[in-house]
Every structure is written in structure tokens, then in C-alpha cells.
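Student: Hi! Could we go through this model together?
Tutor: Happy to, let's take a look.

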Amino acid sequence: MSSAGDWGGRKVSEARRYWTRRLGAGPLPCYRCRRPVHLGQRWQVEHITPRSLGGRLGRDNEWVSHGRCNESHGGKLGAARTNARNKKATVRLESERERGIRGW
């Protein structure tokens with residue numbers, strides 16, 4: 001089953017309702033910046049351990065964060081993965097050049 005199928009529709013709605021109730025009782029600290037997240041602000045439910053890194057679905061792996069904090073973190077995570085792949089490819093190409101291996 002795809003990850004999009006695991007986390008969509010009803011589960012997102014249930015998580016939003018749960019955290020809306022929690023925020024209604026008072027502000028909670030943002031998972032990223034630790035500043036308070038208020039109900040009237042733009043906020044998102046964030047996975048503490050990203051799904052792509054083995055995080056699970058469930059309340060024990062969720063917390064609220066400001067929309068901007070969560071989105072900027074996701075961009076940094078994606079960039080780190082891309083950069084890691086590019087470094088491996090660059091190292092491989094350099095070692096092939098040193099050994100005199102020519103690409104097709």
C-alpha cells in the first residue's frame with residue numbers, strides 16, 4: 001500500500017479534530033520553534049519521526065507546528081536527501097575517473 005493511501009482523508013480529519021480540541025484548551029508549543037501555536041494561526045499536524053524515515057501513524061508520533069515551520073523543515077529534509085544522493089554520485093564519478101573507467 002502506498003504511503004499516500006496510509007495517511008489521507010479520514011485519518012487526516014481525525015488528527016486535525018483531535019489537535020483542534022487540544023489547541024482549544026490552550027496554546028501548545030510548536031514542535032520546531034517551541035513558540036506557542038494558537039488555534040487562530042495556520043498550523044499543521046506534524047510527524048515527529050517522518051514517515052519516510054520509518055515513523056508510524058498515531059498520536060505518539062504527532063505534534064502541532066506552525067505551517068511555516070513544518071513546511072520549511074520538509075524542504076530542508078528533501079534538500080538533504082538530494083544533496084546526499086548527489087555527493088554519492090560525485091564521489092563515484094571521481095573514483096571512476098581516477099581508475100580510468102569511462103562512462104558509456
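Student: How much space lies in the largest pocket?
Tutor: About 280 Å³. On a 1 Å grid over the protein atoms alone, a pocket is an open set of points where a 1.4 Å probe fits, with protein on both sides within 12 Å along at least five of seven lines; lining residues have an atom within 4 Å of a point. The volume is the space filled by probe spheres set on the points, which are joined across faces, edges and corners.

Student: Which residues are closest to its centre?
Tutor: Of the 12 lining residues, those are His47, Pro50, Arg51, Asn70 and Leu77.

Student: And which element gives the largest share of the lining?
Tutor: Helix 3, with 5 residues. Helices here are DSSP runs of H or I, at least four residues, and strands are runs of E, at least two, numbered from the N terminus.

Student: Before we move on, what should I know about the model?
Tutor: It is predicted: local features need pLDDT of at least 70, side-chain atom pairs count only at pLDDT 80 or more, and totals for chains, interfaces and linings use all residues. Residues are numbered from 1 along each chain as its sequence is written, and side-chain values use heavy atoms, leaving out hydrogens and water.

Student: New topic: is Glu62 buried or exposed?
Tutor: Buried (under 20% relative accessible area, with a 1.4 Å probe and protein chains only), at 4%. Glu62 is found in strand 4.

Student: What do the side chains of Glu62 and Trp19 share?
Tutor: A polar contact of 2.9 Å. That term means a pair of N or O atoms within 3.5 Å; within protein, one must be able to donate a hydrogen and the other to accept it, and residues adjacent in sequence count only if both atoms are side-chain atoms. Glu62 also has one of 3.1 Å with the side chain of Arg59.

Key. Buried < 20%, exposed > 50% of the residue type's maximum accessible area, 1.4 Å probe, protein only.
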